[in-house]
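Notebook open. Today I want to look up charged side-chain pairs and then a bit of strand pairing.

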Amino acid sequence: MSLDKEVIGNKVKSVTKYLWFNTEKSIEIIHITEKIREFVKESRIIDGYVMVSAMHLTAAVYINDYESGLIEDIKEWLEKLAPQNYPYKHHRTGEINGHAHLKNLIMHHQIMVPITDGDLDLGPWQEIFYAEFDGQRNKRVILKAFGITNE
């Protein structure tokens, strides 16, 4: 059991940054933990949270193990659940990315990670990823850290 830290004299702060991606392939998974960690350190927030959110309905952000076999397994699993070459009703709109929307629903578009002592408070083997399902064009992710600073 831990006791709450005293907040007297500290200030609450919010910091926002955008990451941009333009993937080479239409489906890619990109390891972004270090980019998030750098952002948290730049924010100077010592205790709080960082939200990482894909700002597109055809992408996702998730936490899992950084292991190449698992990453390939995730891609294969998602393709079985929402295959690219299925005749989705969404395609009647002229868009041909129905699979990407469904993959987003499975993986989710955002995560929230605790910040403790000015760093990401991830568990063993936990890493942060951006998953693109309709790429080869500019997409962005918003990072928003909020919490207590000792500035």
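My criterion for a salt bridge is a side-chain nitrogen of Lys or Arg within 4 Å of a carboxyl oxygen of Asp or Glu. Helices (H or I, at least four residues) and strands (E, at least two) are DSSP runs here, numbered from the N terminus.

Caveats before I go on. This is a predicted model, so I note that local features need pLDDT of at least 70 and side-chain atom pairs count only at pLDDT 80 or more, while totals for chains, interfaces and linings use all residues. Residues are numbered from 1 along each chain as its sequence is written, and side-chain values use heavy atoms, with hydrogens and water left out.

Next I checked accessibility. Lys 13 counts as partly exposed at 22% relative accessibility, and Glu 151 counts as partly exposed at 44%. The scale: buried is under 20% relative accessible area, exposed is over 50%, and partly exposed is in between (1.4 Å probe, protein chains only).

How many salt bridges does the structure hold? I get ten.

Then I went to helix α1 (residues 33–43), where Glu 34 and Arg 37 both lie, three residues apart, about one turn of the helix. Their side chains meet in a salt bridge at 3.0 Å, N to O. Glu 34 is partly exposed, with a relative accessible area of 42%.

Arg 37 has another entry: its side chain meets that of Asp 119 in a salt bridge at 2.8 Å, N to O. Arg 37 lies in helix α1 and Asp 119 in strand β6 (residues 119–120), so this pair ties together parts 82 residues apart in sequence. Asp 119 comes out partly exposed, at 23% relative accessible area.

Last, the strands. I found an open sheet of three strands in the order β2-β7-β4, with antiparallel pairing; two strands pair if DSSP finds at least two bridges between them. β2 (28–31) and β4 (59–64) are the edge strands, each pairing on one side only. Four bridges join β2 to the antiparallel strand β7 (residues 127–132). Which residue in β7 is the bridge partner of Ile 30? I looked it up, and Tyr 130 is the partner.
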